[in-house]
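Here is a short briefing to read alongside the sequence and the 3D view. Keep both open and find each residue as you go.

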Amino acid sequence: MTRKRTSAAEAATPIRVVVVTMDSHLASATERARHGLQRELPGLRLAMHAAAEWADDPAALRRCLDDIA
């Protein structure tokens with residue numbers, strides 16, 4: 001069986017990824033991933049939200065929910 005090659009994504013293809021974690025321990029890894037992946041995926045929107053920030057900042061929860069939506 002011959003495998004079919006996949007075509008490259010168009011530059012304008014939007015890709016949204018939201019990482020939700022309990023605390024901000026993934027922030028630096030997420031930022032490095034965003035920086036590296038955006039060169040290959042220009043339409044990438046990568047966001048990270050930490051639940052630990054929601055108790056003191058209701059706007060942080062709203063931003064998270066908006067990104068997920």
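Arg62 and Asp66 sit in helix H2, four residues apart, which is about one turn of the helix. Their side chains meet in a salt bridge, at 3.2 Å from N to O. An α-helix has 3.6 residues a turn, so residues three or four places apart point the same way. Please keep in mind that this is a predicted model.

**Salt bridges**

- How many salt bridges does the structure hold? There are four, and the pair of Arg62 and Asp66 is one of them.
- Side chains of opposite charge can pair when their charged atoms come close.
- Arg62 is partly exposed at 48% relative accessibility, and Asp66 is partly exposed too, at 43%.
- Another salt bridge joins the side chains of Asp67 and Arg45, at 2.6 Å from N to O. This pair links distant parts of the chain, with Asp67 in helix H2 and Arg45 in strand S2, 22 residues apart.
- Asp67 counts as buried, because its relative accessibility is 12% and the cut-off for buried is under 20%. Arg45, at 43%, counts as partly exposed.
- The side chains of Asp57 and Arg63 also form a salt bridge, at 3.6 Å from N to O. Asp57 is partly exposed, with a relative accessible area of 29%, and Arg63 is partly exposed at 44%.

**The two sides of the story for helix H2**

- Which residues of helix H2 are buried? They are Ala60, Cys64 and Asp67.
- Seen down the axis of H2, these buried residues fall within an arc of 65 degrees, so they line one face of the helix.
- The buried residues of H2 pack against strand S1 (15–21) and strand S2 (44–50).
- Leu61 lies in helix H2 and is partly exposed, at 32% relative accessibility.

**Two buried strand residues**

- His49 belongs to strand S2 and counts as buried, at 11% relative accessibility.
- The side chain of His49 makes a polar contact with the side chain of Asp67, at 2.7 Å.
- Not counting residues up to four places away in sequence, His49 touches several residues, including Val18, Val19, Thr21, Ala60 and Cys64.
- Thr21 is in strand S1, and at 11% relative accessibility Thr21 is buried.
- Leaving aside neighbours within four places in sequence, Thr21 is in contact with Leu26, Met48, His49, Ala50 and Ala51.

**Helix H1**

- Ala27 has its place in helix H1, which covers residues 27–40. Ala27 is partly exposed, with a relative accessible area of 35%.
- Ala27 and Ala47 are 20 residues apart along the chain, and their C-alpha atoms are separated by 9.5 Å.

**The whole chain**

- The protein chain has two helices and two strands, and from the N terminus on the elements run β-α-β-α.
- Of the 69 residues of the protein chain, 14% count as buried.
- Among contacts in the protein chain with a separation of 6 or more, 66% come from residues 24 or more positions apart.
- The accessible surface of the protein chain comes to about 5700 Å², and 56% of that belongs to carbon and sulfur atoms.

Definitions and conventions: Residues numbered from 1 in each chain as written. Predicted model: local features only at pLDDT ≥ 70, side-chain atom pairs only at ≥ 80, totals over all residues. Heavy atoms only, no water. Buried < 20%, exposed > 50% of the residue type's maximum accessible area, 1.4 Å probe, protein only. Arc of directions from axis to C-beta. Contact = heavy atoms within 4.5 Å. Areas by Shrake-Rupley, 256 points an atom, 1.4 Å probe, with all protein chains shown as cover. Polar contact = N/O pair within 3.5 Å; in protein donor to acceptor, adjacent residues only side chain to side chain.
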